[in-house]
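This report describes the fold and the charged side chains of one protein. Please view the sequence and the structure below before reading on.

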Amino acid sequence: MTGTVNFLVGNDSSKWLTNVPTFRSVLYSGIYPGIDVVHYGREGNLEYDLVVHPGADPRSIRLRIDGAEQVGVDDNGDLLLRVGPIEMRQLAPVVYQQQGSIRTVLRGGYLTNSDGTIG
């Protein structure tokens, strides 16, 4: 835990929330066999890392985007999602292998599948 915040919304103090804990990150273990996800905030944005442990198959990772009318990947590897006139962009994933303090960047990216999922 990194601190607390207060939500003092409206005039009814019985509905106010005080001393709500905040966290630097949240880990969900085993979202796929041998794969965890860590959610965290950076520069005002919610981000996540998928942690693929040794022996796990990264091809098992799938994302499903409900409500998107168009899904594609641009030339930069960014995921593009269109809902009506709104286009959302999820930046290309950064894939790396960490060994101690050494980080080696690996090749990786999004693939769109015929079943509407992203792998």
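## Salt bridges and overall form

At a relative accessibility of 8%, aspartate 78 counts as buried (buried means under 20% relative accessible area, exposed over 50%, partly exposed in between, with a 1.4 Å probe and protein chains only). The model is predicted: local features need pLDDT of at least 70 and side-chain atom pairs count only at pLDDT 80 or more, while totals for chains, interfaces and linings use all residues. Residues are numbered from 1 along each chain as its sequence is written, and side-chain values use heavy atoms, with hydrogens and water left out.

Aspartate 78 forms a salt bridge with arginine 89, at 3.0 Å from N to O; a salt bridge is a side-chain nitrogen of Lys or Arg within 4 Å of a carboxyl oxygen of Asp or Glu. Aspartate 78 sits in the loop between β7 (70-73) and β8 (79-83) and arginine 89 in strand β9 (residues 86-90), so the pair ties together parts that are 11 residues apart in sequence. Arginine 89 itself is partly exposed, at 44% relative accessibility.

A network of salt bridges links Asp74, Asp78, Arg82, Glu87 and Arg89.

| Pair | N to O distance |
|---|---|
| Glutamate 47 and arginine 42 | 3.3 Å |
| Aspartate 78 and arginine 89 | 3.0 Å |
| Arginine 82 and glutamate 87 | 3.2 Å |

Glutamate 47 is partly exposed at 22% relative accessibility, and arginine 42 is partly exposed at 45%.

The protein has 0 helices and 12 strands (DSSP runs numbered from the N terminus: helices are H or I with at least four residues, strands are E with at least two). Its radius of gyration is 18 Å, well over the 14 Å that the globule rule gives for 119 residues, so the protein is more spread out than a compact globule. This radius is taken over C-alpha atoms, and the globule rule is 2.2 Å times the number of residues to the power 0.38. Along the principal axes, the C-alpha trace spans about 50 × 45 × 25 Å.

Buried residues account for 13% of the 119 residues. Of the contacts (heavy atoms within 4.5 Å) between residues at least 6 apart in sequence, 16% join residues at least 24 apart.
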